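Morning, everyone. I have one structure to show today. Let me put it on the screen.

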Number of protein chains: 2
Amino acid sequence: MISIKISVPEKIYIRNPEDTILGKNIIQQSIILIEELGFEAFTFKKLAGAIESTEASIYRYFESKHHLLVYLVSWYWGWIDYQIAYRTNNIPDNKEKIKIALKVLVDMGKGEMSVDYIDERTLHKIVIAESSKVYHTKSVDTENKDGFFKTYKNLCHTFSKLFLAYKPDYTFSHALASTVLETSQQQIYFSQHFHSLTDVKLGEKPSQKIEDFLVHLVFGLL
Amino acid sequence: MISIKISVPEKIYIRNPEDTILGKNIIQQSIILIEELGFEAFTFKKLAGAIESTEASIYRYFESKHHLLVYLVSWYWGWIDYQIAYRTNNIPDNKEKIKIALKVLVDMGKGEMSVDYIDERTLHKIVIAESSKVYHTKSVDTENKDGFFKTYKNLCHTFSKLFLAYKPDYTFSHALASTVLETSQQQIYFSQHFHSLTDVKLGEKPSQKIEDFLVHLVFGLL
DNA sequence: TGTTTTTAATAGTAAAACTATTTTTTTTTT
DNA sequence: AAAAAAAAAATAGTTTTACTATTAAAAACA
């Protein structure tokens with residue numbers, strides 16, 4: 001059995017949750033609870049109740065629930081980046097590589113689970129619904145300096161490189177990469193809540209339509 | 001002197017802040033305070049202090065600070081929609097119309113103020129930094145039914161129509177419209193906080209580069 | 001002018017966010 | 001294996017935020 005370890009920037013946590021059973025419980029249950037309650041209604045007290053521990057114990061791992069969310073989302077982007085590297089490996093065609101990468105973004109909600117105590121499907125839902133809160137704070141710049149958004153920026157760089165490999169002289173590779181990342185989440189969210197803001201027709205499979213739009217977006221511009 | 005009134009969906013507020021001096025004070029000062037403190041640190045208590053009133057009085061206008069943010073952002077989208085209608089009026093060329101609309105999105109942070117008690121420039125900053133929080137909640141669907149996001153959806157529809165006027169058989173007009181709206185905000189935010197996620201070079205004017213990217217995005221796809 | 005209605009302030013409560021301190025458990029040393 | 005040291009987790013708080021029931025003041029109306 002192989003065990004994949006996604007590394008998350010150190011300053012995000014006080015104590016690495018991967019190192020202890022309690023830590024892993026915190027991660028596992030927080031994913032379930034945040035998805036269930038939404039980030040605003042989620043509290044360390046409720047989480048403590050769910051894992052039969054205490055609020056104060058959770059605070060020894062994460063400074064605040066915001067830091068915990070940053071951890072989860074960072075882990076997710078690291079995971080996506082790894083998935084793209086894995087699935088595009090040995091594919092010679094650059095266009096095909098990009099298509100695979102886009103598919104990973106949209107389809108993560110369906111994949112089989114791979115890391116024992118992390119439910120990637122539920123985590124995907126959290127990312128769709130809550131991830132923008134990770135960097136929309138007054139402390140962005142400090143947190144950015146501390147490397148809080150490193151895995152997201154890495155993933156953006158991965159896309160940027162894929163675009164440049166396909167079309168070396170493209171001038172907007174970074175802007176397109178970040179746009180693709182954000183648009184993929186956003187269109188999934190919109191298809192679930194604001195039907196009129198997407199072009200997913202009744203009866204159509206949203207994920208397929210969104211993938212089509214992303215392909216159209218990327219290859220229409222490159 | 002002309003007075004423009006942007007109408008905001010009724011269910012957002014308990015009492016229309018436009019109707020009283022206290023209400024207008026709430027709006028005016030909340031814009032300043034939210035921009036200054038960020039939405040998380042902003043409280044009705046602090047706002048009450050700033051306008052020399054009380055928390056309870058503010059609660060007679062808005063059910064929660066979330067509702068107040070929804071009000072501000074809704075007003076902003078209504079205002080942008082009006083600005084686009086105004087500035088594209090009598091322009092015969094459809095391509096030119098779209099370009100004007102995109103310019104409005106990016107340049108709102110610079111315009112002169114027009115509504116006495118609302119500072120549009122500061123409000124623009126709030127929209128860039130906080131607007132995604134408006135619909136990323138567990139209550140999206142209920143609030144959507146109550147019309148909370150009407151002005152945003154209207155604006156999206158405005159763009160969609162502009163795209164279809166330019167290219168009647170385009171299949172992704174709604175998805176492109178929502179993508180353009182979100183991307184414009186997102187790229188402004190990224191240019192301010194995550195330089196590496198955009199292609200704004202050192203010394204370049206961010207707003208011009210972002211406008212260029214949006215034009216490239218729209219006309220590369222249409 | 002007196003009555004009704006609206007508006008705002010007082011004075012709270014409940015829950016969330018966070019922390020100092022103690023207790024328990026684990027690890028290390030002898 | 002027992003004692004000492006270190007680390008982890010629980011107890012029991014405090015402070016702040018979000019929100020509300022009730023009262024007082026002001027405005028509108030008959």
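I'll take the interface, then the core, then one threonine.

Keep in mind that this is a predicted model.

Interface first. How much area do chain A and chain B bury between them? About 4000 Å², with 61% of it on carbon and sulfur atoms. The contact draws 49 residues from chain A and 49 residues from chain B. Now the polar side. Salt bridges between chain A and chain B: the count is 0. Polar contacts: 23 residue pairs across the interface, both partners at pLDDT 80 or more.

Which elements of chain A give two or more residues to the side that touches chain B? Helices 1, 6, 7, 8, 9, 10 and 11 of chain A.

Next, the core. In soluble globular proteins, nonpolar side chains tend to be buried together. Here, the largest nonpolar core holds 150 residues. Which of them touch the most other members? Trp77(A), Phe159(A), Trp77(B) and Phe159(B). Take Trp77(A). Beyond its neighbours within four places in sequence, its contacts are Leu105(A), Val127(A), Thr151(A), Tyr152(A), Leu155(A), Leu181(A) and Gln185(A).

Last, Thr158(B). You'll find Thr158(B) in helix 9 of chain B, residues 150-166. Buried or exposed? Thr158(B) counts as buried, because its relative accessibility is 18% and the cut-off is under 20%. Leaving out neighbours within four places in sequence, Thr158(B) is in contact with Asp81(B) and Ile84(B).

That's my tour. Over to you.

How values were computed:
Residues numbered from 1 in each chain as written. Chains lettered and ligands numbered in written order. Predicted model: local features only at pLDDT ≥ 70, side-chain atom pairs only at ≥ 80, totals over all residues. Heavy atoms only, no water. Core = buried A, V, L, I, M, F, W, Y, C linked by side-chain atoms within 4.5 Å. Buried < 20%, exposed > 50% of the residue type's maximum accessible area, 1.4 Å probe, protein only. Contact = heavy atoms within 4.5 Å. Buried area = accessible area lost by both parts, 1.4 Å probe. Salt bridge = Lys/Arg side-chain N within 4 Å of Asp/Glu carboxyl O. Polar contact = N/O pair within 3.5 Å; in protein donor to acceptor, adjacent residues only side chain to side chain. Helix = DSSP H or I, 4+ residues; strand = E, 2+ residues; numbered from the N terminus.
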